[in-house]
Amino acid sequence: QVHLVESGGGLVQVGGSLRLSCAASGSIFIINNMGWYRQAPGKQRELVASITRAGSPNYADSVKGRFTISRDNAKDTVYLQMNSLYPEDTSVYYCNANLPDVTTGRNLELWGQGTLVTVSS
């Protein structure tokens, strides 16, 4: 089994910064796309940013220029550097990873448990 464990959430003031980390552990051959999603109360989960194994990023319009996604393939870890945070960034942030099952080769889509980011004004 493969698990995703997130860290780095917390409380920050408007304009502040936080860095989220998500490490995968378990039976891993290779991880393809990784990403971060968020879900605010009463809203649908939305993509924040994703990154290919080669390091090509994709961002939601609302975070472009403020957030940076990166990954360390040797550590099976993805990061999200969040700068210039606004109250509307307050959400539970979820890590996402796509990888083949080492036994069957089927694609697995995994989610972390979520980490809360609260931006106070």
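**Fold, core and selected residues**

User: How many helices and strands does the protein chain have?
Analyst: This is a predicted model. Read along the sequence, the chain follows the pattern β-β-β-β-β-β-β-β-β-β-β. The count is zero helices and 11 strands.

User: Why is the protein chain said to be as compact as a globular protein of that length?
Analyst: The globule rule gives 14 Å for 121 residues. The chain comes close to that value, so it is as compact as a globular protein of that length. Its radius of gyration is 14 Å.

User: What does the C-alpha trace span along its principal axes?
Analyst: The span is taken along the principal axes of the protein chain. The C-alpha trace covers about 50 × 25 × 20 Å.

User: Which residues touch the most other members of the largest nonpolar core?
Analyst: This core holds 29 residues. Elements that give two or more residues to the core include strand S1 (2-7), strand S4 (34-39) and strand S9 (91-100). The residues touching the most other members are Trp36, Leu80, Met82 and Tyr93.

User: Which residues is Tyr93 in contact with, leaving aside neighbours within four places in sequence?
Analyst: Tyr93 is one of the residues that touch the most other core members. Its contacts include Trp36, Leu80 and Met82, which are also on that list.

User: Where does Gln113 lie, and how far apart in space are Gln113 and Asn96?
Analyst: Gln113 lies in the loop between strand S10 (107-111) and S11. Beyond neighbours within four places in sequence, Gln113 is in contact with Leu4, Val5, Glu6 and Tyr94. Gln113 and Asn96 are 17 residues apart in sequence. From C-alpha to C-alpha, their separation in space is 9.9 Å.

User: What share of the accessible surface belongs to carbon and sulfur atoms?
Analyst: Of the 121 residues, 40% count as buried. The accessible surface of the chain comes to about 6400 Å². The carbon and sulfur share is 48%.

User: How far apart are the centres of the positive and negative side chains?
Analyst: The chain has 10 positive and 9 negative side chains. The centres of the two sets are separated by 2 Å.

Conventions. Residues numbered from 1 in each chain as written. Predicted model: local features only at pLDDT ≥ 70, side-chain atom pairs only at ≥ 80, totals over all residues. Heavy atoms only, no water. Core = buried A, V, L, I, M, F, W, Y, C linked by side-chain atoms within 4.5 Å. Buried < 20%, exposed > 50% of the residue type's maximum accessible area, 1.4 Å probe, protein only. Helix = DSSP H or I, 4+ residues; strand = E, 2+ residues; numbered from the N terminus. Contact = heavy atoms within 4.5 Å. Rg over C-alpha atoms; globule rule 2.2 N^0.38 Å. Areas by Shrake-Rupley, 256 points an atom, 1.4 Å probe, with all protein chains shown as cover. Lys, Arg positive; Asp, Glu negative; His and termini not counted. Charge placed at Lys NZ, Arg CZ, Asp CG, Glu CD.
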